[in-house]
Amino acid sequence: MKAMRSARRRRYVARADVMEVLYRVYLGAIAAVFILAFLAGALHEVPADPGSVAGIRSDAPAIIGIAVAVVLLAGLRAGARGGPLAIEAAEVRYTLLAPVSRRTALRPAALAQLRTAVLFGAIFGAVVGNFVFRRFPGTAVEWIGSLAAFGALVPIAVLGAALLASGRRLRIGVATAIGGALVAWSVLDLALGSNSSPTTMLGDLATLPLQHGASPGLAALGAVLTLGVLAAGLLGIGGLALEAAQRRAQLVAEMRFSASVQDLRTVILLRRQLASERPRRKPWIRLRGGSVWRRNWQSFLRWPVVRVVRVVLIAVAAGGVAVGGFDLTPVLFVLPGPLLFIAGLDLIEPLAQESDHPTRRLLLPRGSAELLRTHLTAPTVAMAVVLLLAALAAAAIGGNPGLALGVGVVVFLPLAVVLVCAAAVSATNDPYEFALNPQLAQTVSLAPIVVALIAGFLPLFVAWKVEGGDGAPISGALGMDFVLIVLALVGLAALTLRFNKREREAQ
Amino acid sequence: MSGGGAIAATSGGRSDAPLSAHALGRTYDGYVALGAFDLDVGAAELVALIGPNGAGKTTFLNLAAGLLDPTSGEVRIDGHVPGSLEARAALSFLPDSPVFYEDLSVVEHLEYVAALHEAEDPEARIDELISRLGLDGWEDALGSELSKGMKQKASIALALVRPFKVLLADEPLDGLDPPSRDTLFSMLAETKAAGAAIVVSTHRPDVIAAADRCVAIRDGRLAYDGPPDPKVLGEIFDRSELEGV
């Protein structure tokens, strides 16, 4: 097995275009340095006041613990469905059906997955630490070290939990119950001001420089428990159900191909299949009538519980991260936009289905662009609700409800249009339209995500500046609304042009 | 047969049969794909498993191979639970859809599978299979470079390159040309003569005729278990359901 894997690795390296890989790494590094330098220059962070520091010291570990517990819940559920490993169909057929230890056979795949996740987690943690130390007590080394360790341990915990769930063949209900209990435990920690949950202990690790040596033991215990979960997961990895492995092998192979051609829509559809996420047979509320508006709501009203929960959690996470941006570092403002974009991809499903079936659409006695615009109304209203939920979450989590609700009220409508348009542009993208120009294809695929990032970042950043005394509230609000409206118009124009072009080409 | 092929069954469980299923069942959200299915296949016995599409043939084979978990009943391979090391060593599965590592050639696949199963003198066995199945010249081809028929031949070679006591084959003749079908028939006969228990899922009358026993499934239930008598089978199935019966 070892010899075969070494031979395959050698062959892969021999076939890889080294110059292409180096070019991508070079571009990535330049972009990362540019963004970091820009943020470092733009933020001008000032030390946080003692009141904020005290609040963060007491509440942040539990809040971070809740976030980690939610991610763990997702990991456990993925494990109960046979994840997180994605092995080839041939590996299932030949290696896992051979009389060799499945643990030995599967461990390299698990470690490879872990390596990548840990590397990215540690880098992200270190980058955040690099900004946080400017505002809070503690040295750069302490903050970068503790947040890099936290960033590395979170994927370890998630992958470990998922491996444990798949190896032990936990039922989805049991996995959800365990994950839910962890979330509840951290919520209890927040309410009681205690540090008893393992995920709260990881929160202690993330805020270690603030604790003045009060909780290094708890942070260390959190790290040890995390590594214990991983060890248990790796030990039990051989118990993986082949039925799930085979199913995942097929779907993940298709997903990888779709991702390689930047076909995000297919990736989403395959991910739903992987998660067995099907519309409810019986809608939450039955709506009659056949308008486009109703057709969209009929779709939302058939969302399975898991999708409803996911979108609500995304809203809460976006609100929580925005609060984190105000309290810790504004770098975190880059996260709400992409998070809400994911919710947008769920909301845009009816329009995406029109795009999936062009023949059906072209047979309708209406212009495609007009149909498209009608399809955007319901998702925009739904996205506005999601944004208000995010604002409410921010108001509940942060110490400044007036600011959270104020920002929410000022931007929720234009931001909703931008996010829905970005999701619509992404979901209706034809990955083969620019097949002969891969750089252009990548740009077209990435553009909606970047627009969502900017649209999420901008209002929060302006509000942060205004709160810091740098600019007037009214001009700030008008300015950000203007930019969002421009982005929304650009999105609408792009969609109209795209659908008109497709209709012309079909005639 | 050196290295690969059938080896004598050494029953370690409650039944003497190399393959034994009792009240075996599998349901999907209430849909019964296979219900309370009983089957014993003895050493040196070739069983044709027949039935219309969706009857439960592939479900049974996947359960026996350990690729699916039963929702009721049990199945034993040489006395062991499917998926156990012993069962994996004893069972060779030839599925209906061949799959390959995208970056291994045909011969590398054969070497790898032979090594995993500790086949003796694998080189000779690999050469023999390549020659008999008409894979000469395709040894270094990747899976993606093979035609449908060639993929099937490579898949057959992969099933036979290693030692086994039980062979499960799902529609093994699909995609094969007539000479290759003849080769496969003679290989199955040799495998049976060497003592292997063989279950072949099929719609083909020539396979049914070559079998020692015919087991018919309909709607997930055992509909017939006996000699491959066309008259009896014709009473169970429509002509449209089963080719040539």
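## A positive phi in chain B

B:Ala23 sits in strand β2 (residues 19-28) of chain B; helices (H or I, at least four residues) and strands (E, at least two) are DSSP runs numbered from the N terminus. The phi angle of B:Ala23 is near 50°, a positive value in a residue other than glycine. With a relative accessible area of 38%, B:Ala23 is partly exposed. Buried means under 20% relative accessible area, exposed means over 50%, and partly exposed lies in between (1.4 Å probe, protein chains only).

This is a predicted model, in which local features need pLDDT of at least 70 and side-chain atom pairs count only at pLDDT 80 or more, while totals for chains, interfaces and linings use all residues. Residues are numbered from 1 along each chain as its sequence is written, chains are lettered from A and ligands numbered from 1 in the order in which they are written, and side-chain values use heavy atoms, with hydrogens and water left out.

## Chain B overall

Chain B holds eight helices and eleven strands. Of its 245 residues, 56% are buried. Contact here means heavy atoms within 4.5 Å. Among contacts in chain B between residues at least 6 apart in sequence, 68% join residues at least 24 apart.

## The interface between chains A and B

Chain A contributes 26 residues to the contact and chain B contributes 30 residues. The two chains bury about 2,400 Å² between them, 55% of it on carbon and sulfur atoms. Buried area is the accessible area (1.4 Å probe) that two parts lose on being put together, summed over both.

Two salt bridges are counted between chain A and chain B, a salt bridge being a side-chain nitrogen of Lys or Arg within 4 Å of a carboxyl oxygen of Asp or Glu. B:Arg26 forms a salt bridge with A:Glu243, with the closest N and O atoms 2.7 Å apart. On the side of chain A that touches chain B, the elements giving two or more residues are α1 (2-15), α4 (89-95) and α10 (242-260). The largest share of that side, seven residues, comes from α4(A). Its residues divide into 13 nonpolar, three polar and ten charged, where Ala, Val, Leu, Ile, Met, Phe, Trp, Tyr, Cys and Pro count as nonpolar, Asp, Glu, Lys and Arg as charged, and the others, Gly among them, as polar.

## Salt bridges within the chains

Over all chains, the whole structure has 19 salt bridges. In chain A, the side chains of A:Glu277 and A:Arg310 meet in one of 2.8 Å, N to O. This pair links distant parts of the chain, 33 residues apart: A:Glu277 is in the loop between α11 (264-274) and α12 (292-300), and A:Arg310 is in helix α13 (residues 305-327). A:Glu277 counts as buried at 6% relative accessibility. A network of salt bridges includes both A:Glu277 and A:Arg310, and among its other members are A:Arg265, A:Asp346 and A:Asp356.

In chain B, B:Arg213 and B:Glu45 form a salt bridge through their side chains (3.1 Å, N to O). B:Arg213 in strand β10 (residues 213-218) and B:Glu45 in strand β4 (residues 45-50) are 168 residues apart, and both are buried. The side chains of B:Arg125 and B:Glu128 also meet in a salt bridge (3.2 Å, N to O). B:Arg125 and B:Glu128 are separated by about one helical turn because they are three residues apart in helix α4 (residues 122-132) of chain B. B:Arg125 is buried at 3% relative accessibility, whereas B:Glu128 is partly exposed at 27%.

## Local features of chain A

A:Ser146 lies in helix α6 (residues 140-167) of chain A and is buried, with a relative accessible area of 6%. Leaving aside neighbours within four places in sequence, A:Ser146 is in contact with A:Leu205, A:Ala206, A:Leu208 and A:Pro209. A:Arg135, in the loop between α5 (102-132) and α6, is buried at 11% relative accessibility. A polar atom of the A:Arg135 side chain lies 2.9 Å from the backbone oxygen of A:Phe326.

The peptide bond from A:Gly83 to A:Pro84 is cis, with omega near 0°; A:Pro84 is in the loop between α3 (50-80) and α4 of chain A.

Notes
A polar contact is a pair of N or O atoms within 3.5 Å; within protein, one must be able to donate a hydrogen and the other to accept it, and residues adjacent in sequence count only if both atoms are side-chain atoms.
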